[in-house]
Amino acid sequence: MNAPAKAAAVAPLLHTTPGFETDGRDTCPIREVLDRVGDTWSILVVITLQEQPVRFNALKRSIEGVSQRMLTVTLRSLERDGLVTRTVRPTTPPEVEYGLTELGQSIAVPIAALGDWAAANRDRMRCSRDSFDAQA
């Protein structure tokens with residue numbers, strides 16, 4: 001007696017999932033989310049703030065290469081979208097601390113999934129890139 005063959009996992013057709021359905025503004029959820037977190041700085045801010053709130057200067061020191069202006073712009077955008085909270089303490093000078101909201105914490109799950117995929121496939125991508133470049 002043969003055991004039933006396990007069906008291979010099939011990737012969903014992405015354009016058929018709710019994340020890609022357009023709304024009355026001709027935008028889709030994935031586009032709006034990628035516009036916010038699709039840049040390097042936003043992802044690094046989320047990763048850095050995941051464990052605990054952090055003061056601005058400590059955040060800047062922990063994210064290599066980010067300028068003060070770019071970090072400020074990124075934090076304002078994340079705050080506007082409800083992913084980050086900003087707390088000002090009335091000290092001299094004022095202490096400003098940033099933390100993730102519940103919504104900001106929830107985005108860690110898909111970021112982790114993407115990170116897992118990246119770790120599992122980075123070498124394959126590098127080999128493909130090397131092969132492609134060798135043909136050029």
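I began with E95, which at 24% relative accessibility counts as partly exposed, a class lying between buried (under 20% relative accessible area) and exposed (over 50%), computed with a 1.4 Å probe on protein chains only. This is a predicted model, in which I take local features only at pLDDT of at least 70 and side-chain atom pairs only at pLDDT 80 or more, while totals for chains, interfaces and linings use all residues. My residue numbers run from 1 along each chain as its sequence is written, and my side-chain values use heavy atoms, with hydrogens and water left out.

Entry on salt bridges

I looked up the salt bridges, each a side-chain nitrogen of Lys or Arg within 4 Å of a carboxyl oxygen of Asp or Glu, and found that the structure holds 4. E95 takes part in one of them, with the side chain of R55 at 3.7 Å, N to O. This pair links distant parts of the chain, since R55 sits in strand β1 (residues 54-55) and E95 in strand β3 (residues 95-100), 40 residues apart. I noted R55 as partly exposed, with a relative accessible area of 45%. For the element names I rely on DSSP runs numbered from the N terminus, helices being H or I of at least four residues and strands being E of at least two.

In another salt bridge the side chains of E97 and R89 meet at 3.3 Å, N to O. Here E97 is buried, with a relative accessible area of 18%, whereas R89 counts as partly exposed at 32%.

I also recorded the salt bridge of D35 with R31, at 3.6 Å, N to O. How far apart are D35 and R31 in helix α1? They are 4 residues apart in this helix (residues 29-37), and are therefore separated by about one helical turn. D35 counts as exposed at 51% relative accessibility, and R31 is exposed too, with a relative accessible area of 53%.

Entry on the strands

I then followed strand β2 (residues 84-89), which is joined to β3 by 6 bridges, the two running antiparallel; strands pair if DSSP finds at least two bridges between them. β2 and β3 form a hairpin with 5 residues between them, and T87 stands opposite E97 in β3.

Entry on pockets

For pockets I used a 1 Å grid over the protein atoms alone, a pocket being an open set of points where a 1.4 Å probe fits, with protein on both sides within 12 Å along at least five of seven lines, and lining residues having an atom within 4 Å of a point. A volume is the space filled by probe spheres set on the points, which are joined across faces, edges and corners.

The largest pocket has a volume of about 590 Å³. I counted 19 lining residues, with V33, L34, V37, G38 and I107 nearest its centre. The elements giving two or more residues to this lining are α1, α5 (102-106) and α6 (108-135), and α1 gives the most, with 7 residues. By class the lining has 11 nonpolar, 3 polar and 5 charged residues, where Ala, Val, Leu, Ile, Met, Phe, Trp, Tyr, Cys and Pro count as nonpolar, Asp, Glu, Lys and Arg as charged, and the others, Gly among them, as polar.

The second largest pocket holds about 300 Å³ of space. Its lining has 15 residues, of which F56, N57, P94, V96 and Y98 are the closest to its centre. I noted that α3 (56-62), α4 (68-80) and β3 each supply at least two residues of this lining, which divides into 7 nonpolar, 2 polar and 6 charged residues.
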